[in-house]
Amino acid sequence: MANDSDRAQRGIQSIEVGGQLLRALVHHGRPMALKDLAREADMSPAKAHPYMVSFGRLGLIEQDRGSGHYLLGPLALQLGLISLQQADPVHLATPLIAELAQRIGQTAAIAVWGARGATIVRIAESPSPVHVAMRHGTVFSLANTASGRLFGAYLDGAVVKRLLDEERQRAKSAAPARRAGMPPQPALPDWKSFEAQLREVRAHGISRSEGEIVPGVSAMSAPVFDHTGAMVLAITAIGPTAIFDTRWTGEIAQALKACAGQVSQSLGAAPAAA
């Protein structure tokens, strides 16, 4: 007699087989002929056709009257929109940063754009005994941190210019109050220099910082986008410079991009260009 676990795992094979046709249609993102859909699902057109008829009755697909090609139907579109409305970027990314921290051996975190700038909301500590600790609620400098520059690269330019001016004013006001013996804050770039830095971030699709705020500490940060193409959060890794690979195409950069891309895909973002 089957136990509860067996019942929970038992599926309907015909639905899973037919689902391969829907998967192919979604993967290609364009109307497709029956023979092409069938080939992608590894079945004959004769076998695929009844599935498409049933999917059409449900509203999952529809058929163009002129070409006969199949495309996603109104129910599929409604399901997609509801899924996007329910998707919480931080919730989706949280379990992934724990895996990321284990994989790269560095502390990983999620930053969102808050009222005061890029703000840490989730942290996964490094498994290494030598690591950099971060605190929830930490706000990163726009101009002198990997996370800050990452958001700066994808926010509206006029907004970023204003935020840089405001950060410069805050730094100027805080300078007389800094205690003796404290390390000086790094100088803030002018707008022209900062624009060049932001272009570099966009060109590589990732941001990095090497000992800017705290000597001996480096970081890299990758963007997560939603279905509209807007950046919704940053996935950041931070660690001791001596053991932190900040190469644009290094292991940490690749792992960050893969993690951020996985979350972006769950949010309906278009795949990144190769």
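User: How do you know which strands are the edges of the open sheet, and in what order do its strands lie?
Analyst: In this predicted model, 5 strands form an open sheet in the order 4-3-7-6-5, with antiparallel pairing. Strand 4 (117–124) and strand 5 (207–210) each pair on one side only, and they are the edge strands. The twist from one strand to the next averages 25 degrees.

User: What makes strand 3 and strand 7 count as paired?
Analyst: Pairing requires at least two bridges, and 5 bridges join strand 3 (residues 107–114) to strand 7 (residues 231–240), which run antiparallel. Ile110 stands opposite Ile235 in strand 7. Helix 6 (residues 89–104) packs on the sheet and touches strand 3, strand 4 and strand 7.

User: Why is the contact between Glu212 and Arg149 called a salt bridge?
Analyst: The cut-off is a nitrogen-to-oxygen distance within 4 Å. The side chains of Glu212 and Arg149 meet at 2.5 Å, N to O, and the pair therefore qualifies as a salt bridge. Glu212 lies in the loop between strand 5 and strand 6 (217–225) and Arg149 in helix 7 (residues 146–154), 63 residues apart.

User: Why is Arg149 called buried?
Analyst: Buried means under 20% relative accessible area; Arg149 has 7%, so the term applies.

Notes: Residues are numbered from 1 along each chain as its sequence is written. This is a predicted model: local features need pLDDT of at least 70, side-chain atom pairs count only at pLDDT 80 or more; totals for chains, interfaces and linings use all residues. Side-chain values use heavy atoms; hydrogens and water are left out. Helices (H or I, at least four residues) and strands (E, at least two) are DSSP runs, numbered from the N terminus. Axes are lines fitted to C-alpha atoms, for helices over the stretch in contact, and angles run from 0 to 180 degrees between N-to-C directions. Contact means heavy atoms within 4.5 Å. Buried means under 20% relative accessible area, exposed over 50%, partly exposed in between (1.4 Å probe, protein chains only).
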